[in-house]
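Dear colleague,

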Amino acid sequence: MLSATTREFYESQLQQLSNAKRRRQCTTYEPLDSTHVRLNGKTYLMMASNNYLGLTHQPQVLASAQKAINAYGTGSGGARLTSGTYPLLPQLETQLACLKETEQALVFNTGYMANVGTISGLMETGDYILSDALNHASIIDGCRLSSATIKVYEHNNCEHLEEILKELPPTGKRLIVTDGVFSMDGDLAPLPDLVTLAKRYGALLMVDDAHATGVIGEGRGTAHHFNCSKDVDIQLGTLSKALGSEGGFVCANELLINTLINRSRSFIFSTALVPAAIGAAQQSLNLLTSDTTLYNQLHHNIEYMTQALLQQGIAVTHKTTATALVSNYQPTPIFPIVVGSAEKALRLSQQLFEKGIILTAIRPPTVPHGASRLRLTVTAAHQEADLQYVAHTLGELI
Ligand SMILES: Cc1ncc(COP(=O)(O)O)c(C=O)c1O
């Protein structure tokens with residue numbers, strides 16, 4: 001029963017968020033294809049999705065999802081360890097392990113659950129987790145849930161990371177964890193340097209490639225891009241972004257995967273993914289590994305958008321800190337247009353909406369205070385005319 005005081009508490013919390021221009025709400029759009037949605041009879045251009053290869057509406061991917069439903073039904077009926085491991089799951093895991101050049105893979109229901117379940121499954125009290133300051137919320141939550149000691153190092157700052165590693169007591173396991181492509185900034189983790197530190201200090205190294213899979217390193221992700229797949233212990237990813245489906249995964253050696261099967265609570269205690277999601281992801285992976293057209297188109301569009309924004313005088317840096325390494329630069333589809341206050345980001349987002357463009361305002365706590373932004377994302381499915389229109393409109397408004 002919601003008592004008057006409890007009601008007042010939640011109402012005042014929401015009011016405070018509204019006052020700070022940080023209240024969030026869901027808007028229901030009707031997806032028309034991978035880059036357009038409809039709302040109240042009007043069509044909008046989607047510039048805020050992570051559907052990087054535009055695969056959510058690809059005919060072969062749709063057919064594969066449908067085929068999976070026809071073969072295995074709409075639901076999995078149970079957790080993987082009880083009744084839910086149907087043949088498509090191990091097949092997909094083999095494909096993923098192959099993509100990431102690891103011994104094995106394990107599918108989770110979301111990338112969020114993969115992060116939470118992997119970190120808390122591998123680390124415990126007495127262990128140390130070294131986590132980049134700009135890591136995704138699901139990494140942060142996994143660290144907290146593990147009850148290991150968490151040490152946050154400055155974004156992409158390996159000197160700071162080493163200072164922390166040097167000070168750690170000799171006991172306990174260590175895990176260095178980082179986004180591969182940072183979700184809100186689009187920059188890359190300096191993986192080769194992290195590999196060196198992980199080896200020097202006996203730490204496990206985990207990279208979250210949610211925004212890198214299908215996007216960099218020939219679509220294989222950051223470890224492949226930096227040619228260090230064999231030295232990254234855990235490569236995590238999601239099926240929900242470039243692969244156009246839903247679900248998360250972890251690629252690692254047999255020992256770590258078996259440990260997760262036995263210790264990862266988000267894996268053990270949740271019903272397995274539905275066949276449609278697996279069928280779609282399988283076909284997306286087939287397309288990604290057999291044909292470079294979409295991958296190349298995505299990179300063409302990234303470059304096109306970079307130039308179009310530069311022509312409008314809009315800075316494209318993919319860097320948020322002075323410590324980020326210039327040699328580390330790699331074009332990614334995430335363009336952070338940092339505008340400062342939450343109020344300004346919201347106002348711009350609303351003005352863009354009126355011009356038919358969906359570009360969501362990203363505000364604290366997703367990004368630091370004073371770093372609110374429009375997080376513009378480009379996909380392989382956007383047309384050059386779309387990208388020109390967006391850059392031109394931004395140029396007028398900013
Ligand atoms: C870096 C990163 N990791 C993990 C996730 C979670 O993935 P999913 O959406 O599949 O839960 C996201 C997406 O929001 C992300 O940006």
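Glu154, Glu159, Glu163 and Glu167 form a negative surface patch (patch residues have over 30% relative accessible area and no salt bridge; like charges are joined within 9 Å, nonpolar side chains within 5 Å). Glutamate 154 sits in the loop between strand S6 (149-153) and helix H7 (158-167) and is partly exposed, at 43% relative accessible area (buried is under 20%, exposed over 50%, partly exposed in between, with a 1.4 Å probe and protein chains only).

This is a predicted model: local features need pLDDT of at least 70, side-chain atom pairs count only at pLDDT 80 or more, and totals for chains, interfaces and linings use all residues. Residues are numbered from 1 along each chain as its sequence is written, and side-chain values use heavy atoms, leaving out hydrogens and water.

A nonpolar surface patch consists of Leu2, Phe9 and Tyr10, with about 310 Å² of accessible area together. Phenylalanine 9 belongs to helix H1 (residues 4-19).

There are ten salt bridges (a side-chain nitrogen of Lys or Arg within 4 Å of a carboxyl oxygen of Asp or Glu). Lysine 100 pairs with aspartate 209, with 3.5 Å between the closest N and O atoms. Lysine 100 is in helix H4 (residues 88-100) and aspartate 209 in the loop between strand S8 (204-208) and helix H9 (222-225), 109 residues apart. Both lysine 100 and aspartate 209 are buried.

Glutamate 124 and lysine 173 also form a salt bridge, at 3.2 Å from N to O. This pair ties together parts 49 residues apart in sequence. Through shared partners, salt bridges join Glu124, Asp127 and Lys173 into one network.

Regards

Note on methods:
Areas by Shrake-Rupley, 256 points an atom, 1.4 Å probe, with all protein chains shown as cover. Lys, Arg positive; Asp, Glu negative; His and termini not counted. Charge placed at Lys NZ, Arg CZ, Asp CG, Glu CD. Helix = DSSP H or I, 4+ residues; strand = E, 2+ residues; numbered from the N terminus.
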